[in-house]
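Student: I have a protein chain to look at, and I want to know where its labels come from. Can we go through them one by one?

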Amino acid sequence: DPFHRGKGLCRHLLADTHRLLKSQGYSAVLLVPAEESLRIMYEKLGYRTCTHVAEFESAAGSVPVPLRAIGPEEFAALRRRFLPPSAVLQEQENLAFLSRQAQFYTGVNVLMAAYSEDRQLTALELLGDRAAASGILRTLDCQKGRFRCPGTQVPFAMMHALIPEAVAPSYFGFAFD
């Protein structure tokens, strides 16, 4: 509500949250701002961008890429093999929640969490061979798609250290957007 903005409510709520998490043994807090104005606000509250992603669009190609749908457990096991070192795993409850929004797929050197609507694919995460994107679209009968994968182009997760020795992750994949 605009009436409550600028009064420090968020700062106080986050300070309480940070104290609680630190008392429970957590070393840092990660979040993904939904828009640039929030990124600026969180930066003022001590958060720093710690991971980036790449995002790209593709049109369907002529050659399909063989894929098979998999469940959250298999996705989690395969994802560990594809992730860069010191990446956030985001398993169990995270994947159970994500499975309500997206389907999990695997293929040769490809792992993906995605959903489609009106023949347009949104890949919340594509790990492995990015060049497979156009073939993935052909296989899933989508005309075009938007893909997110590990990269350095787009600021993504922000971290607030709760202890001085907290180490930032190399990659944080899902924002549940």
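What follows is a set of questions about the labels used for this structure.

Tutor: This is a predicted model, where local features need pLDDT of at least 70, side-chain atom pairs count only at pLDDT 80 or more, and totals for chains, interfaces and linings use all residues. Residues are numbered from 1 along each chain as its sequence is written, and side-chain values use heavy atoms, with hydrogens and water left out.

Student: Why is Gln-90 called buried?

Tutor: Start with the cut-offs: buried means under 20% relative accessible area, exposed over 50%, and partly exposed in between (1.4 Å probe, protein chains only). Gln-90 has 5% relative accessibility, so Gln-90 counts as buried. Gln-90 sits in the loop between α3 and α4.

Student: How do you know what counts as a helix or a strand?

Tutor: Both are DSSP runs, numbered from the N terminus: helices are H or I with at least four residues, strands are E with at least two. Helix α2, for example, covers residues 36-44.

Student: What makes Glu-36 and Arg-39 a salt bridge?

Tutor: The term needs a side-chain nitrogen of Lys or Arg within 4 Å of a carboxyl oxygen of Asp or Glu. Here the N to O distance is 3.9 Å, and the pair is a salt bridge. The two residues are 3 apart in helix α2, so about one helical turn separates them.

Student: Are these two partners buried or exposed?

Tutor: They differ in label. Glu-36 has 51% relative accessibility, so Glu-36 counts as exposed. Arg-39 has 9%, so Arg-39 is buried.

Student: Why can such side chains pair at all?

Tutor: Side chains of opposite charge can pair when their charged atoms come close.

Student: How many salt bridges are in the whole structure?

Tutor: A search finds 9. One of them joins Arg-146 and Glu-55, with the closest N and O atoms 2.9 Å apart. This pair links distant parts of the chain: Arg-146 is in strand β8 (residues 144-150), Glu-55 is in strand β3 (residues 52-59), and they are 91 residues apart. Arg-146 has a relative accessible area of 38%, so Arg-146 is partly exposed. Glu-55 has 27%, so Glu-55 is partly exposed. Salt bridges with shared partners join Glu-55, Glu-57, Arg-146 and Arg-148 into one network.

Student: What makes Arg-119 and Asp-141 a salt bridge?

Tutor: Their closest N and O atoms are 3.1 Å apart. Arg-119 is in the loop between β6 and β7, Asp-141 in the loop between α5 (133-139) and β8, 22 residues apart. Arg-119 is at 38% relative accessibility, so Arg-119 counts as partly exposed. Asp-141 is at 46%, so Asp-141 counts as partly exposed.

Student: How do you know that β3 and β8 pair?

Tutor: Two strands pair if DSSP finds at least two bridges between them. β3 and β8 are joined by 7 bridges and run antiparallel. Glu-57 stands opposite Arg-146 in β8. β3 also pairs with strand β9 (residues 154-155), in the antiparallel sense, over 2 bridges. There, His-52 stands opposite Pro-155.

Student: Why are β4 and β9 called edge strands?

Tutor: The open sheet has 7 strands in the order β4-β5-β6-β7-β8-β3-β9, with mixed pairing. β4 (68-70) and β9 each pair on one side only, and these are the edge strands.

Student: What makes a group of residues a nonpolar core?

Tutor: Its members are buried Ala, Val, Leu, Ile, Met, Phe, Trp, Tyr and Cys residues joined through side-chain atoms within 4.5 Å. The largest one has 23 residues, and Phe-75, Leu-95, Leu-98, Phe-104 and Phe-174 touch the most other members. α3 (72-82), α4 (93-98), β6 (110-117) and β7 (120-128) each supply at least two residues of this core. The largest share, 3 residues, comes from α3. A second, separate core of 15 residues includes Val-65, Tyr-105, Leu-121 and Leu-137.
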